[in-house]
Structures are given as structure tokens and as C-alpha cells.
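Reader: I have a model open on my screen and would like to talk it through. Could you start with the terms I need?

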Amino acid sequence: LTDKLTGIFNRLSSKGRLTEKDIDEALAQVRRSLLEADVNFRVARDFVAKVKERSLGADVLESLSPGQQVVKIVHEELTEILSGGDHRLTPSSQLPSVLMLVGLQGSGKTTTAAKLALQLRRQGHSSILIAADLRRPAAISQLQTLGRQLEVPVYSEEPQSSTVTQVVKNGVERARQQGLTWAIIDTGGRLHIDDELMQELEDVKAVAQPHETLLVVDAMTGQDAVNAAQEFNDRVGLTGLVMTKMDGDARGGAALSVTRVTGVPIKFMGVGERSDGLEAYHPDRLASRILAMGDVLTLIEKAQEAVDEKQAKELERKFRQATFDLEDFLEQIQSVKKMGSLSQIMEMIPGMNNMSRKMPADFDDNQIKRVEAIIRSMTAEERRRPDILNGSRRRRIARGSGTTPQDINRLMNQFKQTQKLMRQFSRTRNPKSLMRMFQ
Ligand code: GDP
Ligand code: MG
């Protein structure tokens with residue numbers, strides 16, 4: 001969709017003034033592209049009609065840059081469709097606030113439950129994850145594993161001797177007893193909607209009285225997503241949507257039609273398998289993304305969040321004075337991790353979408369943990385002056401951190417390379433170019 005739209009608008013931009021025929025031609029292609037991207041036909045039809053109406057206005061035809069004007073109108077209209085409703089979570093006045101996740105099997109409910117728990121904790125909340133998918137044996141242990149990783153409690157019961165509503169009732173009660181602010185219910189799904197599932201979800205809803213019922217939608221499922229979403233909304237009643245797998249090829253066609261057809265606002269976007277791969281939703285950015293303008297705003301915000309200017313200046317100073325040590329190195333890796341994966345960052349830069357697929361694997365969580373363990377096993381002196389690390393010190397550190405001397409050597413190589421890049425960076429003035437050194 002994106003490539004096609006870019007092509008269309010390039011053509012518009014290079015043509016100069018627009019005639020009505022030009023607009024019709026271009027919008028017919030926009031409509032076709034939207035349909036091909038699995039945007040619901042009604043949504044596409046309404047959208048195109050609205051854009052045409054506005055494009056025929058005098059200001060477009062008299063504009064110096066008609067192509068850009070049409071882009072602006074398309075963008076504004078898209079943003080408007082994508083903006084309806086409240087995009088934040090609404091907590092209840094009484095603890096705990098209950099949030100229920102529903103969706104088809106494989107859409108990302110369990111992953112999203114963990115992501116939400118992590119995000120809520122970062123905002124100062126406490127939560128419990130309730131394992132209410134009793135149908136698949138692996139579902140409970142999947143949630144338990146995630147809970148352990150994030151140090152978030154998981155409430156579960158033996159599936160043989162319990163029922164979904166019982167688990168939910170007791171789980172919410174546990175949250176209440178412990179004074180937690182959120183209870184997050186991970187429910188079961190099916191490959192296709194069926195009555196049994198809907199009945200189960202209705203029952204859970206009646207017991208849990210959730211303040212938020214979020215439908216988790218795989219952004220890669222096209223036209224089917226709309227029908228399923230409508231069904232879920234009719235039977236269970238939704239307060240929000242989570243579009244997952246937005247880190248993939250999907251450019252938002254499903255998000256557009258699902259929110260349009262159901263009238264339910266999008267609240268989050270899943271952008272990776274990892275627990276930190278959840279983004280707050282920004283309608284204008286999604287509109288930009290659909291229009292291939294790149295999600296530059298998100299990128300800049302992420303970079304700023306992870307590396308604030310003061311921190312960067314301090315690093316720069318350390319470099320000038322050649323005092324960058326392993327503590328700083330660890331901090332660096334952690335702040336890059338906070339920005340998300342490298343490929344995710346590349347996705348957001350216009351024209352770089354394809355590049356991201358060629359990126360090498362990032363530091364994964366385990367690697368970062370290992371690096372952290374190694375550095376924590378060093379003495380303060382060793383962290384400040386890594387060059388004193390001889391063979392026996394390396395062996396001691398390996399033992400202390402449960403790694404091997406080879407791991408230490410690898411880390412030292414990475415550290416030296418980073419040091420070199422950081423020296424180059426310190427000659428540039430812009431802290432944001434810090435990111436470049438990791439590419
Ligand atoms: P559930 O059946 O709805 O509970 O789905 P899961 O949470 O088990 O997720 C199904 C698969 O989708 C897993 O392999 C997840 O890692 C993956 N997944 C979930 N969310 C995302 C996302 O935002 N991006 C990517 N790339 N994968 C995701
Ligand atoms: Mg699941």
C-alpha cells in the first residue's frame with residue numbers, strides 16, 4: 001500500500017496544477033490501493049469520497065503545490081478517522097481496575113498482557129496477570145514464564161479442576177486483597193469465532209466487570225479482522241483495540257478499517273515479540289505511516305526518551321577526557337534497548353523500511369543480562385580501567401558471572417569498538433547521532 005501511495009503522490013507532485021480528472025484518477029488508485037491492503041470497501045469508499053470533496057475545493061486547485069495539498073488532505077482525513085474515541089486506558093475509581101484481553105488465537109493476547117503489565121509498572125502501577133485460557137495447556141505456562149521474566153505475579157489454577165470464571169473471580173479477588181492497581185485477564189481464543197468462545201467471554205465479562213475490554217488484532221490479518229472485530233464488539237462489547245505485529249509488513253490497513261467499522265478506538269500498537277514492544281497509539285503517526293511519510297515523530301521521541309541531552313553531554317565530556325568505562329558501556333546498551341530494536345528504529349525512518357530487514361540481530365535480553373552480569377562481577381577498579389583485565393582476572397570474572405573467558409573477551413572487543421565509535425561521536429555535536437554508532 002505504502003509504495004503504491006508514494007508512487008501516486010509522486011506523480012501528483014510532479015504534475016503541477018490539478019484538474020478534476022487528475023484528482024479522480026489519483027483517487028481511484030488510492031481506493032484500489034486501500035482495497036488491496038485489505039481496508040474494508042465501505043471505509044475505502046467513504047474515505048475517497050471525502051477526500052475528493054475536499055480536493056475539489058478551490059484552495060487545492062489554486063495551490064502552488066497541488067500534489068502536496070492532496071497529501072495533506074488525505075493525511076488529515078485519515079487522521080480524523082483514526083482519531084475517534086479515547087486512546088488511553090481508563091482506570092476505575094475502585095481498586096483493582098480490571099482489563100480483559102480478547103481476540104482470536106495467535107493474535108497476541110498473552111504477549112500483550114505481559115507488555116501491558118510492564119508498561120503499567122513503568123508508570124508506577126502494580127498488576128497481576130490472570131491466566132484464563134484453560135483450553136490450551138501451554139497457555140498458562142506461557143503466561144507464567146512471562147510473569148517470571150518481568151517479576152509480575154500470575155494467578156492461575158489447575159485447568160482440570162477449575163473453570164474460566166472461577167479463575168477470573170479468584171484472580172481479581174487476589175488483586176483486591178493485595179491492593180494491586182490492575183488485574184489483567186488473558187483469555188483463550190480460537191482460530192475462528194464460534195459461539196462457545198463468545199459465551200465464555202460473556203461469562204468472564206459478567207464475573208470480572210472489566211473497565212477495559214481490549215480486542216487484540218493481528219495487523220497482518222486483512223479483511224477477516226473486520227468481521228471478527230464486529231462479532232467481538234457485538235457479543236462482548238469492546239472499549240479499545242490493540243493492533244499487534246505492527247513491526248511487520250502491515251502498514252495499518254486493518255487498523256484503519258477495524259476502528260472505522262466498529263467505532264472502537266485503537267489504544268496500543270504491538271511492535272515486537274519482546275515485552276517492551278508496546279507503543280501508545282498516535283493517530284497522526286499511523287496516518288503518516290499509511291502514507292509512507294515515515295514515523296519520524298515516534299523515532300525522535302524514542303531517541304529523546306532513551307538518551308536525554310544531559311546524559312549525552314556527560315558522555316561526550318567523558319570521551320573527551322577518555323574516561324568512558326564499562327559502567328558507561330552498560331548504560332549505553334541499556335538505553336539503546338529502551339529505544340527498541342534497531343530494526344524497529346529503521347522502520348520508522350522514511351525510505352529505510354527495506355533496510356531494516358537486512359539488519360543484524362540486536363542485543364537480545366539474554367545478551368544484555370550476560371553483559372550486565374559480567375560487568376557486575378568486576379571490581380570498581382576494573383570497571384574504570386578495563387585495560388588491567390589480565391587472564392586471571394578474566395577467569396575470576398567469568399566464574400563470578402557464570403560465563404566463560406570467551407564471553408569476557410567478546411565483551412571487551414565490543415567495548416573497545418564502542419569506545420572507538422564514541423570517540424567519533426564526540427566530535428559531532430548532535431547527541432542524536434549517538435544512534436548512528438549502533439548501526
Ligand atoms: P495469543 O494466542 O493471542 O495469546 O497470542 P500470543 O501472545 O501467544 O502471540 C502469538 C505469536 O505472536 C507469538 O509468537 C508472539 O511472539 C507473536 N506476537 C505477539 N505480538 C507481537 C508483535 O507485536 N509483534 C510481533 N512481531 N510478534 C508478536
Ligand atoms: Mg494466549
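Predicted model: local features only at pLDDT ≥ 70, side-chain atom pairs only at ≥ 80, totals over all residues.

Reader: How do the residues of the shell around ligand 1 divide into nonpolar, polar and charged?

Author: A residue is near a molecule if its C-beta atom, placed from the backbone, lies within 6 Å of it. There are 19 residues around ligand 1, and Gly108, Lys109, Thr110, Thr111 and Gly270 come nearest. Sorted by class, the shell has two nonpolar, 13 polar and four charged.

Reader: Which helix gives the most to the shell around ligand 1?

Author: Helices (H or I, at least four residues) and strands (E, at least two) are DSSP runs, numbered from the N terminus. The protein chain has 20 helices and eight strands. With three residues, the top contributor to the shell around ligand 1 is α6.

Reader: How many residues does the largest nonpolar core have?

Author: A residue is buried if 20 or more other C-beta atoms lie within 10 Å of its own, exposed if 12 or fewer, and partly exposed in between, with C-beta atoms placed from the backbone. A nonpolar core is a set of buried Ala, Val, Leu, Ile, Met, Phe, Trp, Tyr and Cys residues joined through C-beta atoms within 7 Å. Residues with the most contacts inside the largest one include Leu129, Ile130 and Val217, and this core has 81 residues.

Reader: Where does this core lie, and why?

Author: Helix α6 (residues 109-122) supplies its largest share, six residues. Domain bounds here come from an automatic or database domain assignment. Both domains give residues to this core, so it lies between domain 1 (2-83) and domain 2 (97-290).

Reader: Is Ile128 buried or exposed?

Author: Ile128 belongs to strand β2 (residues 127-132). Two residues are in contact if their C-beta atoms, placed from the backbone, lie within 7 Å, and beyond its neighbours within four places in sequence, the contacts of Ile128 include Pro153, Leu180 and Ala183. Because Ile128 has 23 C-beta neighbours inside 10 Å, it counts as buried.

Reader: How many of the eight residues of helix α12 are buried?

Author: Among the buried ones in α12 are Pro283, Leu286 and Ile290. Helix α12 (residues 283-290) is largely enclosed by the rest of the structure, because the number of its eight residues that are buried is seven.

Reader: Which peptide bond is cis?

Author: Look in the loop between α5 (66-83) and β1 (97-102), where Pro96 is found. With omega near -10°, the cis bond runs from Leu95 to Pro96.

Reader: What is phi of Glu151 near?

Author: Glu151 sits in the loop between α7 (137-150) and β3 (154-155). Glu151 counts as exposed, because it has 9 C-beta neighbours inside 10 Å. Its phi is positive in a residue other than glycine, near 60°.

Methods. Residues numbered from 1 in each chain as written. Chains lettered and ligands numbered in written order. Nonpolar A, V, L, I, M, F, W, Y, C, P; charged D, E, K, R; others polar.
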